[in-house]
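Here's a quick briefing to read alongside the model. Keep the structure open and follow along topic by topic.

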Amino acid sequence: METLGNQTGYGRRIWALAAEEILQSFHFLATATERFEYVEVKQAMERPATDGRSLFYNEEQLIRLFTEEPDRPPHLLMHILLHCLFGHPFRKQIADPDLWDAACDCAVEKVIAELSEDGGMGDAFRPAGAHEMDIFFRIQNRAPHMTAEEIYNSHVNDLSARGELLRWSGLFTSCDHSFWTTRDRSGRGRGRGGLLTLEPDDGKDSDEETTAGADAADDELIRKIADRETDAIRQDWQKLARKAQMELTSFRNRFGRQAGRFVDQLKPIIWQEIDYAEFLRNFGAEQEILHISDDSFDIAYYKYGLEIYGNIPLIEPLEYAEEHRIRTFIIAIDTSGSVQGDIVQSFLQRTCDVLRSTASFTRMVDILMIQCDAEIQSTVRISDMDQLEEVIRGLKLRGFGGTDFRPVFSYIEKLRAEGKLPKPDGLLYFTDGVGEYPETAPDYKTAFIFNRDDHISPRVPSWAIRAVLSTDSIRLLGGADAQ
């Protein structure tokens, strides 16, 4: 009788059957299921794994699983496929990888559970049990949209909630995440997609690790190549996600509620988040500062005139230049109930770093920082960058009421009318929600920076500039080096 280990080739046939069962219900996933390169490995693997390009599996394990539970491979493939479509393996610099793994698995299994409940997944996908649905309900109280990003950010600062989610994670785990970008940023032992690649066993003894003696330059080169490969794979999945979104939107009536859930989960990878540093540099107000223009001044003619005519130079130096500087700058912080102090500090620190590094301020600065919910809660006037650093470190938020943007604009106009504030060169309003806007446009540049994890860009008046940053990105801002 032939043993499982000798049944070479059956693994790919099992995956092909799994893909066919998925496509019977969701033809818009056809291109995505073809994206994987199925790689059989001889090493023992508890679960299949992916780096976004390849799907690694142990054939003997897969055959045994199929024999015992024929419906399990389609579920496994759908789980891994959704991870990639939702961009889960490609997030960089995750502070808590274990929590991120749990959040991703929960988000994917919630989608599969809802699809099974709707009857859209055929017989291969059983609806979640009462216990699992109860857990989903409890998590959804914290993260209404149930995206991985929202689940992660709603649990990362609450030790009790984090521990609870990690205890539940075993119910939702289907694949190995150890090859994801979030699990290894060292650059060592990583292959295609920036991740460790399992190699088929050729029966030969492996050589000693060649990376053990690699110097720092080699490690840096490996890291850069791996990062570029990972980014290329992420962009491929981003294109597939956009294609799936377009088809789901076009045939929303056919897929019903399924379409809405899929689109919600696709938003994080489709969403193009701004480069805040570049955004802030471009926000710099333009004003004229006069100084000697070296490009248009010829010292030879200048000296010649002095020699021939005494104190009369032939050519006067031109004294003009136009630079991007910010002189009077206002930062408004929305201190409504859901704002978090560490998020505000990260945002302010990055703002300070970028403005300092790009010489956006004149030597004598004038920064007005305002905290406001539905009314002005606190103000502080800052005259130099070092003082701003001190304010950020000792920041205490005040307010926590509703959100109303109008008091900030009224306060600014009051100071101007009293002669206590010149016309501002720019206002940055950091907020996590939608509030009431002034009826008339201010006569200075205004930008609203929205802290949103649902990847929804709120509407703003035509005179306002809008930008959206996720909570995770803002946390990274605070630890980033100024560019």
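How many residues lie between β2 and β3 in their hairpin, and which residue in the turn has a positive phi? There are three residues between the two strands, and glycine 52 in the turn has a positive phi of about 100 degrees.

Before going further, note that this is a predicted model: local features need pLDDT of at least 70, side-chain atom pairs count only at pLDDT 80 or more, and totals for chains, interfaces and linings use all residues. Residues are numbered from 1 along each chain as its sequence is written, and side-chain values use heavy atoms, with hydrogens and water left out.

**The whole chain**

- The chain has 17 helices and eleven strands; helices (H or I, at least four residues) and strands (E, at least two) are DSSP runs, numbered from the N terminus.
- Out of 483 residues, 48% count as buried, where buried means under 20% relative accessible area, exposed means over 50%, and partly exposed is in between (1.4 Å probe, protein chains only).
- Take the contacts (heavy atoms within 4.5 Å) between residues at least 6 apart in sequence: 71% of them join residues at least 24 apart.

**The sheet with β1, β2 and β3**

- Strands of a sheet pair through backbone hydrogen bonds, either parallel or antiparallel.
- Here three strands make an open sheet in the order β1-β3-β2, with mixed pairing; two strands pair if DSSP finds at least two bridges between them.
- β1 (37-40) and β2 (49-50) are at the edges with a single partner strand each, so one side of each has no neighbour in the sheet.
- Helix α1 (residues 10-25) packs on this sheet and touches β1 and β3, and its direction makes about 125 degrees with that of β3; angles run from 0 to 180 degrees between N-to-C directions, and axes are lines fitted to C-alpha atoms, for helices over the stretch in contact.
- β1 and β3 run parallel and are joined by four bridges, with glutamate 37 standing opposite serine 54 in β3.
- β2 pairs with β3 (residues 54-57) in the antiparallel sense over two bridges, and threonine 50 has leucine 55 in β3 as its bridge partner.
- β3 is covered on both faces: Ser54 and Phe56 are buried on one side, Leu55 and Tyr57 on the other.

- Lysine 110 belongs to helix α5 (residues 97-117), and its relative accessibility is 7%, so lysine 110 counts as buried.
- Apart from neighbours within four places in sequence, lysine 110 is in contact with Phe136, Gln140 and Met146.
- Two packed helices are described by the angle between their axes and the distance between the axes.
- For α6 (residues 130-142) and α8 (residues 159-168), the angle is about 150 degrees and the axes are 12 Å apart.
- Ile135, Arg138, Ile139 and Arg142 of α6 make the contact with Ala161, Glu164, Leu165 and Trp168 of α8.
- Sorted by type, the residues of this contact are five nonpolar, no polar and three charged; Ala, Val, Leu, Ile, Met, Phe, Trp, Tyr, Cys and Pro count as nonpolar, Asp, Glu, Lys and Arg as charged, and the others, Gly among them, as polar.
- Which residues of α8 are buried? They are Ala161, Leu165 and Trp168.
- These three cover an arc of only 60 degrees around the axis, which puts them on the same side of α8; the arc is that of the directions from the helix axis to the C-beta atoms.
- Leu159, Ser160 and Arg167 are exposed on the other side of α8.

- Six of the six residues of β10 are buried, so β10 is largely enclosed by the rest of the structure.
- Thr446, Phe448 and Phe450 point one way from β10, while Ala447, Ile449 and Asn451 point the other way.
- β9 and β10 run parallel, joined by five bridges, and phenylalanine 430 has isoleucine 449 in β10 as its bridge partner.
- β10 also pairs with β11 (residues 465-469), in the parallel sense over five bridges; there, alanine 467 in β11 is the bridge partner of isoleucine 449.

**Tyrosine 444**

- Tyrosine 444 is in the loop between β9 (426-431) and β10 (446-451).
- Is tyrosine 444 buried or exposed? Tyrosine 444 counts as buried, because its relative accessibility is 7%.
- Not counting residues up to four places away in sequence, tyrosine 444 touches Phe409, Ile412, Glu413, Arg416, Pro424 and Leu427.
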